[in-house]
Amino acid sequence: MNIAYSENSFNALIACGVSGLSTGIGGLFILFYGEPDNRKLGHMLSFSGGVMLYISFMDLLTESIAKLGFMTANLWFFVGMLFFLFIIRFFPEPKISKTDKAKTENGKPSHDAYLKHVGIVTAVGISLHNFPEGMAVYVSCLKGIAMGLPLTLAIAAHNIPEGMAVAAPMYAATGSKWLAFMYSFLSGLCEPLGAIIFGIIFGSYLTDYIIQSMLAGVAGIMVFMVVGELMPATFKYIKKGPATVSFIIGMFVIFLSVYYLHGMLPHDHTPLYSPFPQEIPLPGLDLHTHDHSHHDCGHHH
């Protein structure tokens, strides 16, 4: 068994790279973005917020509750919020001067420090969120790329709009498409980095409980980022009505992605974002669940 895992380690790292660098693909949209303006920036931020909020509540937190229980998963959810609140204290929000406000009157956002702050905080939040996702992809691919492919594609799909959320305010703030792309690209690198650090170096210490707790915390980070950063920034540039429409569209797009990718799973009962697909024992990991109905038959010792 250890030989099989060793042979699949390289493929697992490649899968982590593909899913993580999809964040950079999202950053490439700025090549076709045109000149920055309030309307496009606001819609992009709201769309990304819808994607992140849907993923947080309908996938990450839901899966953690199923694995850890309602109380434990929610405690880690709020721990994630508090942790991100502590992190962003190192990135204080700059005050917008009257001169900066005047620059937005022509419909184009000024190259001000506020938008750069939004971009940096979003990049930090997405980077933290990519670490446990990298572990999830790596572990799911150890049994074989066919088993881990659905999870890889699902995470890659939702990483694309997250890259947009990083690149849009950075481009509007700096006017540099290259810098905006680099921020989204670098935040995506945290996914394979998470696989290397946690999946390979500390793999023998990981448990299902630890990874599910981290994913619940990530859900809290993303919700905080949407409520505390993306949506307040959205309302600075577009009105509530258009922002709501873009937000709902973002949720609907990721819903379709999750729905169709779920159909690709090898087992109907395997959750889409589970880092440990069922029937995949890992050396050093205790994967016992509360439901043993699937393990009572078909096992011969």
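Analyst: Read along the sequence, the protein chain follows the pattern α-α-α-α-α-α-α-α-α-α. This is a predicted model, in which local features need pLDDT of at least 70 and side-chain atom pairs count only at pLDDT 80 or more, while totals for chains, interfaces and linings use all residues. Residues are numbered from 1 along each chain as its sequence is written, and side-chain values use heavy atoms, with hydrogens and water left out.

User: How many helices and strands are there in the protein chain?

Analyst: Helices (H or I, at least four residues) and strands (E, at least two) are DSSP runs, numbered from the N terminus. By that rule the protein chain has zero strands, and its helices number 10.

User: What percentage of the residues in the protein chain is buried?

Analyst: Buried means under 20% relative accessible area, exposed over 50%, and partly exposed in between, with a 1.4 Å probe and protein chains only. The protein chain has 301 residues, and the buried share of them is 51%.

User: Is Glu162 buried or exposed, and how far away is the nearest side chain of opposite charge?

Analyst: Glu162 sits in helix 6 (residues 145–174). Leaving aside neighbours within four places in sequence, Glu162 is in contact (heavy atoms within 4.5 Å) with Thr23, Met52, Ile55, Ile126, His129, Asn130 and Met222. For charge, Lys and Arg count as positive and Asp and Glu as negative, with His and the chain ends not counted; a salt bridge is a side-chain nitrogen of Lys or Arg within 4 Å of a carboxyl oxygen of Asp or Glu. Glu162 is buried without a salt bridge, and the distance to the nearest side chain of opposite charge, Lys67, is 21 Å.

User: Why does Glu191 count as buried?

Analyst: Glu191 is placed in helix 8 (residues 190–201). Beyond neighbours within four places in sequence, the contacts of Glu191 include Cys16, Val137 and Asn159. Glu191 counts as buried because its relative accessibility is 0%.

User: How far apart in space are Glu191 and Tyr138, C-alpha to C-alpha?

Analyst: Along the sequence, Glu191 and Tyr138 are 53 residues apart. In space, their C-alpha atoms are separated by 9.5 Å.

User: What is the relative accessibility of Ser46?

Analyst: Ser46 lies in helix 2. Not counting residues up to four places away in sequence, Ser46 touches Met231, Thr234, Ala243, Ser246 and Phe247. Ser46 counts as buried because its relative accessibility is 0%.

User: Is Leu128 buried, partly exposed or exposed?

Analyst: Leu128 belongs to helix 5. Among the residues that Leu128 touches, beyond four places away in sequence, are Phe83, Phe84 and Ile221. At 23% relative accessibility, Leu128 is partly exposed.

User: What is the accessible area of the nonpolar patch that includes Tyr260?

Analyst: Tyr260 lies in helix 10 (residues 240–262) and is exposed, with a relative accessible area of 58%. Patches are made of residues with over 30% relative accessible area and no salt bridge, with like charges joined within 9 Å and nonpolar side chains (Val, Leu, Ile, Met, Phe, Trp, Tyr) within 5 Å. Accessible areas come from the Shrake-Rupley method with a 1.4 Å probe, and for residues only the protein chains shown count as cover. Phe252, Phe255, Leu256, Tyr259 and Tyr260 form this surface patch, and together their accessible area is about 540 Å².
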